[in-house]
Amino acid sequence: MGGQSKVFTLAEVSNHNNAKDCWLIISGKVYNVTKFLEDHPGGDDVLLSSTGKDATDDFEDVGHSSSARAMLDEYYAGDIDSSTIPTNVKYTPPKQPHYNQDKTTEFIVKLLQFLVPLIILGVAFGVHFYTKQSA
């Protein structure tokens, strides 16, 4: 890491998001990890899925060793302009239909409306067949 480092915006770093050109943002620094993709123990998909965003949490959650952290220096490309990274990404859960507990009983009623006449017909035929055999 030299004296004057390049400062990148999130938009610039986000352009490097494929297997031939992969950059990550970790702890305010930008790393060009393209050459490391094939050697990454977790596979290249793990790294590629962390492009275009601040990957600090992804990196820290795994619990990388001190030697893995030291390897980052080899791939250092510059710093990130922190003002270009969204501070609060609010989680919005996917819209789901409201669960109606009454639908369970509605289903049972419809099932019984179908099965009861079939059972009555079955019993009627059974009785009719049995009475013919006895007579």
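Biologist: How many salt bridges does the structure hold?

Modeller: This is a predicted model, where local features need pLDDT of at least 70, side-chain atom pairs count only at pLDDT 80 or more, and totals for chains, interfaces and linings use all residues. Residues are numbered from 1 along each chain as its sequence is written, and side-chain values use heavy atoms, with hydrogens and water left out. A salt bridge needs a side-chain nitrogen of Lys or Arg within 4 Å of a carboxyl oxygen of Asp or Glu. By that rule, the number of salt bridges is 3.

Biologist: How many residues apart in sequence are the parts that Asp-79 and Lys-29 tie together?

Modeller: The two side chains form a salt bridge, N to O at 3.9 Å. Strands are DSSP runs of E, at least two residues, numbered from the N terminus. Asp-79 sits in β5 (residues 76-80) and Lys-29 in β4 (residues 29-32), so the pair links parts separated in sequence by 50 residues.

Biologist: Which residue forms a salt bridge with Asp-58?

Modeller: Asp-58 is partly exposed at 30% relative accessible area (buried is under 20%, exposed over 50%, partly exposed in between; 1.4 Å probe, protein chains only). The closest N and O atoms of the pair are 3.0 Å apart, and the partner is Lys-53.

Biologist: Is Thr-51 buried or exposed?

Modeller: Thr-51 lies in the loop between α2 (44-48) and α3 (56-62). Leaving aside neighbours within four places in sequence, its contacts (heavy atoms within 4.5 Å) are His-16, Asn-17, Cys-22, Trp-23 and Leu-24. With a relative accessible area of 15%, Thr-51 is buried.

Notes
Helices (H or I, at least four residues) and strands (E, at least two) are DSSP runs, numbered from the N terminus.
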